[in-house]
Amino acid sequence: MQIEIEKLRPYAGFEKKIEECNMKVKVNGITLNYETAGDRGKWITLVHGAQDNLDVWWYQTQEFSKKYRVLAMDWRGHGDTETPALDYKYEIMVQDIYELW
């Protein structure tokens with residue numbers, strides 16, 4: 001049995017079914033892309049791994065946003081966040097999150 005990979009990816013041409021706000025903001029010298037969902041509870045920040053983007057959290061965001069406020073972001077150089085030529089040290093990437101908040 002063959003499985004079509006594209007059908008497994010919720011971010012491959014899907015319509016998001018949760019209320020969310022996709023935004024860009026200038027932080028730490030770059031334009032950073034992030035989304036928020038949910039309107040109650042404490043904040044949860046979701047950060048993807050290397051070579052991915054914030055859409056990897058799509059299923060979790062649906063569930064978490066029922067009880068929490070969710071922030072998902074694209075690391076620098078990933079997704080819709082700006083790709084600078086340099087500055088990919090962990091300290092700088094953590095500063096991106098700090099300035100986003």
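The report below goes from the overall architecture to the sheet, the core, the aromatic pairs and the loops.

## Basis of the description

This is a predicted model, in which local features need pLDDT of at least 70 and side-chain atom pairs count only at pLDDT 80 or more, whereas totals for chains, interfaces and linings use all residues. Residues are numbered from 1 along each chain as its sequence is written, and side-chain values use heavy atoms, with hydrogens and water left out.

## Overall architecture

The protein has three helices and four strands, and from the N terminus on these elements follow the order α-β-β-β-α-β-α. Helices (H or I, at least four residues) and strands (E, at least two) are taken as DSSP runs and numbered from the N terminus.

Of the 101 residues in the protein, 32% are buried, where buried means under 20% relative accessible area, exposed means over 50%, and partly exposed lies in between (1.4 Å probe, protein chains only). The protein exposes about 7100 Å², of which carbon and sulfur atoms supply 52%; accessible areas come from the Shrake-Rupley method with a 1.4 Å probe, and for residues only the protein chains shown count as cover. Among contacts (heavy atoms within 4.5 Å) between residues at least 6 apart in sequence, 61% join residues at least 24 apart.

Within β4, Val-70 is the bridge partner of Ile-44, while Leu-71 is the bridge partner of Thr-36.

## Nonpolar core

The largest nonpolar core has ten residues, namely Val-27, Ile-30, Leu-32, Tyr-34, Leu-71, Met-73, Trp-75, Met-93, Ile-97 and Leu-100. Such a core is a set of buried Ala, Val, Leu, Ile, Met, Phe, Trp, Tyr and Cys residues joined through side-chain atoms within 4.5 Å. At least two residues of this core come from each of β2 (30-37), β4 and α3.

Strand β2 is mostly covered, with seven of its eight residues buried. Trp-75, one of the core residues, is in contact with Val-47, His-48, Thr-81, Met-93, Val-94 and Ile-97 when its neighbours within four places in sequence are left aside.

## Aromatic pairs

How many aromatic pairs does a search of the whole structure find? There are two aromatic pairs, a pair being rings of Phe, Tyr and Trp (its six-membered ring) whose centres lie within 6.5 Å, with planes under 30 degrees apart counted as stacked, over 60 as edge-to-face and the rest as tilted. Trp-43 and Trp-101 are edge-to-face, at 5.2 Å centre to centre and 80° between the planes. Because Trp-43 lies in strand β3 and Trp-101 in the segment after α3 (90-100), this pair ties together parts that are 58 residues apart in sequence. Trp-43 is partly exposed at 40% relative accessibility, and Trp-101 is partly exposed with a relative accessible area of 48%.

The pair of Trp-58 and Tyr-59 is edge-to-face, at 4.9 Å centre to centre and 75° between the planes. Here Trp-58 is buried, with a relative accessible area of 14%, whereas Tyr-59 is partly exposed, with 47%.

## Loop residues

Most residues other than glycine have a negative phi. Asn-28, in the loop between β1 (20-27) and β2, has a positive phi near 50° and is partly exposed at 28% relative accessibility. Gln-51, in the loop between β3 and α2, has a positive phi of about 65° and counts as exposed at 73% relative accessibility.

Tyr-68 lies in the loop between α2 and β4 and is partly exposed, with a relative accessible area of 34%. The C-alpha atoms of Tyr-68 and Gly-38 are separated by 5.9 Å, although these residues are 30 residues apart along the chain. Not counting residues up to four places away in sequence, Tyr-68 touches Ala-37, Gly-38, Asp-39, Arg-40, Gly-41, Lys-42 and Ile-44.

Terms used:
Two strands pair if DSSP finds at least two bridges between them.
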